[in-house]
Every structure is written in C-alpha cells, then in structure tokens.
Amino acid sequence: MKERGSWPLWEVFLRGRRGLAHQHVGSLHAPDWELAVQNARDLYTRRGEGVSIWVVESAVIHASDPDDGGPLFDPPADKVYRHPTFYEVPEDLKL
Amino acid sequence: MAGAAADPREAAFQASIDAERSVEPRDWMPERYRATLIRQIAQHAHSEIIGMQPEGNWITRAPSLRRKAILLAKVQDEAGHGLYLYSAAETLGVSRSELVEMLQTGRQKYSSIFNYPTLTWADVGTIGWLVDGAAITNQLALTKTSYGPYARAMVRICREESFHQRQGFELLAQLSRGTPAQRAMAQDAVDRWWWPSLMMFGPPDGSSPNSAQSMKWKIKRVSNDELRQRFVDMTVPQAQALGLTLPDPELNWNESSGHYDFGPIDWDEFAKVLNGDGPCNAERIRVRREADSGGAWVREAARAWAAKHSHPAAGDAA
C-alpha cells in the first residue's frame with residue numbers, strides 16, 4: 001500500500017479557452033509530470049473544459065499564512081482613494 | 001456536550017462559519033470538524049469508487065453501442081468523482097493510501113445502496129434515475145457546505161451528474177414504451193430500487209446522532225428528512241411520466257402540507273446492509289481489493305519509469 005503514497009501530489013491548472021489565464025481546478029497524484037498531465041487530461045477535461053494544462057508539484061508551492069490574513073491584507077482597506085468611486089466628478093460627463 | 005473546556009479559537013471558528021465564510025485547508029479548525037469531514041468526504045469518495053461496480057457489471061452486456069458508450073462515460077465519471085473527493089479529503093491531512101486502506105479493511109463505509117445487485121439491464125436505468133437522482137438532491141445541498149475543497153468538488157460533480165440521471169430516465173422510458181417483457185423488467189427494477197434509494201438520505205432526523213453538530217458547522221445545510229422529501233416530491237411526477245409505479249401504497253399527495261406523504265422505511269434493513277449483511281457487501285470489497293492488487297504492477301512500472309526518465313519530483317527529494 002505504501003508505494004501509492006510516494007507518488008507526489010500535483011496541482012492542476014486549466015486554460016478554459018484561448019485568451020484566458022490558467023485557473024486552478026484541483027489536484028491529483030502521479031509519478032512524474034508527464035503522467036500528471038496525462039491524468040489531468042482524463043480527470044479534468046472530460047467535457048472540453050480546457051485547451052491547455054499546467055501541472056505544478058504541490059510541494060513547491062509557497063503560500064501566505066492564513067493567520068497573517070489581517071496584517072497582510074488589511075492595509076488597502078483604508079486607502080479608499082485607490083478606487084475610482086472615491087472621486088467626485090460631474091455626473092453628466094463620461095469619466 | 002463533552003469538551004466544554006472550550007478553546008477560544010473555537011468561538012472564532014464558529015463566528016466565521018456563522019458569517020458564511022468558507023473554511024480552507026490551512027485554517028485552524030476544531031479536531032472534531034476535521035474528523036467529521038474526513039469521515040464524510042471519505043465515505044462519499046468510497047461510494048463513488050464502489051459505485052462503479054454495479055453498473056460496470058453491465059458494460060459488456062449493454063444492448064447497443066450507444067448504450068455502451070454512455071455507460072462507459074458514466075462509470076468513468078464515477079471514478080473521476082471519487083478522485084475529486086479523495087483529493088478534497090487529503091487537504092485535511094489524511095493520505096490517499098490511508099483512505100484506500102480504510103475502505104478495503106471496512107474501517108470506513110460507503111453508501112449501502114451499492115450493496116444491492118444489478119440483476120437486469122433495467123437496473124442500469126433505475127440506478128441512473130433513482131440512485132443518481134437521490135445523490136444529486138444530496139449533493140446540490142453540499143455545494144454550499146462550509147469546507148471549501150469539499151464544496152468545490154461538489155460543484156464539479158453536480159455539473160457532471162445530471163447527465164447520469166437523464167440517461168437513466170431515457171433508458172427506462174424506452175423500456176417502459178417497449179414490449180410487455182421490457183416494461184415488466186423496468187417495473188421490477190423500480191420496485192427493488194425505490195426503498196433503498198430513500199434510505200440513501202440516512203436515518204430520520206430524530207435518530208441521526210451527528211446531524212445537529214454538522215448543521216451547526218454548516219457541513220450539512222439541509223436535514224436528512226427534508227432532502228428525502230425533496231427527492232420524493234421531485235420523483236413522483238417523473239414516475240408518472242415514465243408510466244411506472246412506485247412501490248408504496250401510502251404514497252399520496254398531501255394538499256395541506258404541499259408534499260407527497262410516503263410509507264414507513266424499513267430501517268432494520270438499512271442497518272443490516274450498512275453493517276455488512278447486504279446481498280453484495282463481500283463481493284464489492286473483494287473486487288476492489290483485486291483491482292488494487294491487480295494494478296500494483298502498473299503503479300510499480302510507472303514509478304520505475306519516472307525514476308529513470310524524468311527529473312526527480314521535488315516531493316521525492318531525499
């Protein structure tokens with residue numbers, strides 16, 4: 001049973017159609033990247049959901065800490081002047 | 001309730017749930033929330049995997065190429081659904097091999113519906129119509145479950161599952177309009193699958209021990225009995241359209257409640273099948289074990305190939 005566990009985990013990203021960015025759709029296990037792409041084709045594109053696949057080994061992804069959510073993401077909240085709605089402009093002008 | 005020495009993080013967790021914020025894998029969560037989800041998602045994944053067997057038995061005997069192609073696609077979808085769900089469970093810290101092990105040793109269960117045999121071709125249609133219909137009713141509610149990876153897997157599964165139900169309905173409609181023998185075959189299958197389908201929603205709310213906590217954590221959004229009622233209300237008109245009878249003399253429209261009343265469910269049978277004494281329990285696990293050991297050489301070969309020909313995966317680094 002152990003051998004299955006040693007297949008690394010891969011994150012799968014699909015480009016839905018040309019012109020769109022790749023988006024994360026899920027993950028799967030595979031022994032190498034070629035089989036990961038192959039398996040992703042079978043698992044995530046059975047109904048034409050994608051025209052391009054990326055696979056990235058889960059182990060190489062670095063992520064922000066969810067506990068840092070506040071300190072990391074709060075600062076923009078008081079910078080309302082970064083949004084166009086902050087500014088008053090004549091209503092009859094297209095601006 | 002035990003564990004009253006409350007962790008202060010628990011109150012914050014519940015507040016976040018109450019505010020309809022999804023829980024994501026790296027968030028802090030109570031151990032019981034994690035354990036409940038692992039058990040539920042694993043059981044769901046195992047059901048998809050075991051669920052390939054009753055229908056898979058008919059692939060070589062499908063009556064036309066069209067039906068064979070449809071059935072192959074459906075069974076392949078079930079495999080896919082199992083894999084989405086295993087991935088969701090793994091985000092909670094359990095490994096794939098542990099999950100497979102727990103299925104094969106019976107430490108985790110799968111839906112007891114798959115312990116019933118598929119005796120005739122009409123069973124394939126009835127499973128699509130009733131069993132997948134019941135599954136969709138349950139899964140639609142789960143698309144709003146509080147754990148993000150589980151909810152996302154459910155959205156994907158629901159999108160794919162509706163073809164399953166429609167192909168089953170169409171198959172039964174054809175049989176029902178066919179020869180008297182075909183019609184009788186369809187009715188016989190519906191007679192056998194109706195009650196087990198109602199049992200798929202689990203015990204009545206009054207005797208469902210984990211339900212209250214699961215509802216509080218918004219893992220579960222709708223109660224077993226309410227989902228069951230939704231399914232009955234949806235299915236009765238479909239049965240009428242098929243010209244088939246649901247085997248319950250007490251099934252009647254209730255003007256005052258605005259729902260269909262239905263007769264009592266045999267919960268002793270449910271308990272018996274769930275605890276291993278159904279018609280196919282032993283066979284399902286035996287077939288699963290054989291598939292696992294029979295595929296061992298493929299996994300072995302793939303790993304040997306990867307070691308020889310690819311750049312080593314980062315996760316494998318010694």
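Analyst: We begin with a definition: a salt bridge is a side-chain nitrogen of Lys or Arg within 4 Å of a carboxyl oxygen of Asp or Glu. This is a predicted model, in which local features need pLDDT of at least 70 and side-chain atom pairs count only at pLDDT 80 or more, while totals for chains, interfaces and linings use all residues. Residues are numbered from 1 along each chain as its sequence is written, chains are lettered from A in the order in which they are written, and side-chain values use heavy atoms, with hydrogens and water left out.

User: What distance separates N and O in the salt bridge of B:Arg96 and B:Glu90?

Analyst: The N to O distance is 2.8 Å. Buried means under 20% relative accessible area, exposed over 50%, and partly exposed in between (1.4 Å probe, protein chains only). B:Arg96, at 10%, is therefore buried, and B:Glu90, at 14%, is buried as well.

User: Where in the chain do the partners B:Asp132 and B:Lys74 lie?

Analyst: Helices (H or I, at least four residues) and strands (E, at least two) are DSSP runs, numbered from the N terminus. B:Asp132 and B:Lys74 form a salt bridge with their closest N and O atoms 2.8 Å apart. This pair links distant parts of the chain, B:Asp132 in helix H6 (residues 121-142) and B:Lys74 in helix H4 (residues 65-90) of chain B, 58 residues apart. Both B:Asp132 and B:Lys74 are buried.

User: Is B:Asp248 buried or exposed, and which side chain of opposite charge is nearest?

Analyst: For charge, Lys and Arg count as positive and Asp and Glu as negative; His and the chain ends are not counted. B:Asp248 is buried yet has no salt bridge, and the nearest side chain of opposite charge, B:Arg228, is 11 Å away. B:Asp248 is found in the loop between helix H10 (224-242) and strand S1 (252-254) of chain B.

User: How much area do chain A and chain B bury between them?

Analyst: The size of an interface is often given as the accessible area lost when the parts come together. Buried area is the accessible area (1.4 Å probe) that two parts lose on being put together, summed over both. Chain A and chain B bury about 2,500 Å² between them, 51% of it on carbon and sulfur atoms.

User: How many salt bridges are counted between chain A and chain B?

Analyst: The count is 4. B:Glu160 forms a salt bridge with A:Arg46, their closest N and O atoms being 2.9 Å apart. A network of salt bridges links A:Arg46, A:Arg47, B:Asp77 and B:Glu160.
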